Amino acid sequence: MSFQIQRTIPLLRVFDEAKAYEFYIDWLGFTVDWTHRFEPGTPLYMQITQGTLTLHLTEHHGDCTPGAKVFVACTGLAEFHTELIGKKYKYNRPGLEKAFWNALTMEVNDPFGNKLLFSEALTE
């Protein structure tokens with residue numbers, strides 16, 4: 001079979017460019033790959049990346065609805081958690097939890113109602 005899925009890129013709805021940058025770029029440490037607007041004053045569409053995770057953030061109302069949840073399999077979660085807590089982000093201070101699927105997890109909520117669930121498999 002020649003059909004292959006190469007990667008998945010979740011789209012997340014955002015409503016405020018400054019808040020999106022503060023949360024995803026300044027706090028979570030994503031980098032902006034590119035941004036797009038059809039013309040000045042129109043909604044933003046952008047691609048951001050952190051490691052192997054790529055997200056598309058969109059202000060376009062027809063692209064998706066807020067309230068999505070993205071499951072992010074990762075390693076080094078305790079260290080990442082310490083880094084985030086050290087930044088003292090005013091709106092989010094996540095905790096670490098052990099999940100029933102034998103993983104260390106951390107869930108963060110963006111300012112638009114979307115959630116990122118970071119999960120690191122435990123080897124006990």
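In β8, the bridge partner of Val72 is Phe118. These residues belong to a predicted model, in which local features need pLDDT of at least 70, side-chain atom pairs count only at pLDDT 80 or more, and totals for chains, interfaces and linings use all residues. Residues are numbered from 1 along each chain as its sequence is written, and side-chain values use heavy atoms, with hydrogens and water left out. The protein has 2 helices and 8 strands; helices (H or I, at least four residues) and strands (E, at least two) are DSSP runs, numbered from the N terminus.

**Overall build**
- From the N terminus on, the order of elements is β-α-β-β-β-β-α-β-β-β.
- Along the principal axes, the C-alpha atoms fill a box of roughly 50 × 50 × 25 Å.
- Of the 124 residues in the protein, 40% are buried, where buried means under 20% relative accessible area, exposed over 50%, and partly exposed in between (1.4 Å probe, protein chains only).

**The sheet with β5 and β8**
- An open sheet of 4 strands has the order β5-β8-β7-β6, with mixed pairing; two strands pair if DSSP finds at least two bridges between them.
- β5 and β6 stand at the edges with a single partner strand each, so one side of each has no neighbour in the sheet.
- The twist in this sheet averages 35 degrees from one strand to the next, with axes being lines fitted to C-alpha atoms, for helices over the stretch in contact, and angles running from 0 to 180 degrees between N-to-C directions.
- β5 and β8 run parallel and are joined by 5 bridges.
- Helix α2 packs on the sheet, touching β7 and β8, and its direction makes about 30 degrees with that of β7; contact means heavy atoms within 4.5 Å.

- Strands β3 (residues 45–50) and β4 (residues 53–58) run antiparallel and are joined by 6 bridges.
- Thr49 has Thr54 in β4 as its bridge partner.

- Asp16 caps the N-terminal end of α1, with a side-chain oxygen 3.0 Å from the backbone nitrogen of Ala18.
- Just after α1, Gly29 takes a positive phi of about 85 degrees.
- The buried residues of α1 (residues 17–27) are Ala20, Phe23, Tyr24, Ile25 and Trp27.
- In the largest nonpolar core, which has 27 residues, Tyr24, Leu28 and Leu116 touch the most other members; such a core is a set of buried Ala, Val, Leu, Ile, Met, Phe, Trp, Tyr and Cys residues joined through side-chain atoms within 4.5 Å.
- The largest share of this core, 5 residues, comes from α1.
- Not counting residues up to four places away in sequence, Tyr24 touches several residues, including Leu12, Ile48, Leu55 and Leu116.

**Asn92**
- Asn92 lies in the loop between α2 (77–86) and β6 (97–99).
- Asn92 is buried, with a relative accessible area of 9%.
- The side chain of Asn92 reaches the backbone oxygen of Asn109 at 2.8 Å.
- Beyond residues up to four places away in sequence, Asn92 touches Phe23, Trp27, Val108 and Asn109.

Note on methods:
Polar contact = N/O pair within 3.5 Å; in protein donor to acceptor, adjacent residues only side chain to side chain.
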